[in-house]
Amino acid sequence: MMNWPLILLVEDSPTQAQQIAATLSNYEVRIVVASDGLQALRLIDGLQPSLVILDVNLPKMDGFQICFRLKRDSRTSHIPVLMLTAMDNADATLHGLEVGADDYISKDAFAAQNLLETVNSFLHIVEK
């Protein structure tokens with residue numbers, strides 16, 4: 001278990017965080033949850049996760065700002081960032097990609113499947 005990839009999930013809704021963690025629970029990954037932007041930055045700096053799943057609407061600092069900071073810091077720029085958000089309009093998607101997100105996934109009926117496929121493409125996760 002110690003060699004399993006670490007995913008930092010940044011989500012301020014405990015219910016949403018549980019649902020996302022449940023989606024990933026059949027795979028060999030470790031998940032740490034941050035509930036706001038500042039906590040996320042502290043955890044990323046200390047944990048150096050394999051991947052960050054990032055909501056946009058967060059307290060203290062939004063997902064766009066977090067992603068922008070991560071991608072411009074040489075210590076964290078290599079970490080894939082997946083934005084998973086209810087903001088599914090074209091402007092929000094474009095802005096997410098402009099600030100450096102590696103992918104932008106809408107929270108819709110296909111979100112769980114899209115998330116699994118995208119996480120797998122970056123981490124090559126294995127079912128338990």
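H124 lies in the segment that follows helix 5 (111-123). In this predicted model, the phi of H124 is positive, near 50°, although the residue is not a glycine. Most residues other than glycine have a negative phi. H124 counts as exposed, because its relative accessibility is 60% and the cut-off for exposure is over 50%. K60 is placed in the loop between strand 3 and helix 3. With a relative accessible area of 63%, K60 is exposed. Q48, which follows helix 2, also has a positive phi, near 45°.

The largest nonpolar core holds 22 residues. Within this core, V10, V52, L54, I66 and M83 touch the most other members. At least two core residues come from each of strand 1 (6-10), helix 2 (37-47), strand 3 (51-54), helix 3 (63-71) and strand 4 (81-85). Helix 3 gives the largest share, four residues. Another core lies apart from this one and has 18 residues, including L24, I53, L84 and L123. In soluble globular proteins, nonpolar side chains tend to be buried together. The contacts of V10, leaving out residues up to four places away in sequence, are A34, D36, A40, V52, I53, L54, D55 and L58.

Helix 3 buries G63, F64, I66, C67, L70 and K71. Viewed down the helix axis, these buried residues fall within an arc of 160°, so they line one face of helix 3. The cover over them includes helix 2, strand 3, strand 4, helix 4 (90-98) and strand 5 (103-106). The N-terminal end of helix 3 is capped by D62. A side-chain oxygen of D62 lies 2.9 Å from the backbone nitrogen of F64.

Helix 2 buries G37, A40, L41 and I44. Down the axis of helix 2, its buried residues fall within an arc of 100° and therefore line one face. R42 and G46, on the other side of helix 2, are exposed. The buried residues of helix 2 pack against strand 1, strand 2 (30-34), strand 3 and helix 3. D36 caps the N-terminal end of helix 2. Here a side-chain oxygen of D36 lies 3.0 Å from the backbone nitrogen of L38.

T76 sits in the loop between helix 3 and strand 4. T76 counts as buried because its relative accessibility is 4%, and the cut-off for burial is under 20%. A polar atom of the T76 side chain lies 2.8 Å from the backbone oxygen of L70. Neighbours within four places in sequence aside, T76 is in contact with I44, Q48, R69 and L70.

Strand pairing was then considered. Strand 4 and strand 5 run parallel and are joined by four bridges. T85 has S106 of strand 5 as its bridge partner. From strand 4, the chain passes through helix 4 to reach strand 5. This β-α-β crossover is right-handed.

Key:
Residues are numbered from 1 along each chain as its sequence is written. This is a predicted model: local features need pLDDT of at least 70, side-chain atom pairs count only at pLDDT 80 or more; totals for chains, interfaces and linings use all residues. Side-chain values use heavy atoms; hydrogens and water are left out. A nonpolar core is a set of buried Ala, Val, Leu, Ile, Met, Phe, Trp, Tyr and Cys residues joined through side-chain atoms within 4.5 Å. Buried means under 20% relative accessible area, exposed over 50%, partly exposed in between (1.4 Å probe, protein chains only). Contact means heavy atoms within 4.5 Å. The arc is that of the directions from the helix axis to the C-beta atoms. A polar contact is a pair of N or O atoms within 3.5 Å; within protein, one must be able to donate a hydrogen and the other to accept it, and residues adjacent in sequence count only if both atoms are side-chain atoms. Two strands pair if DSSP finds at least two bridges between them. A crossover is right-handed if, with the strands pointing away from the viewer, the path from the first strand over the helix to the second runs clockwise.
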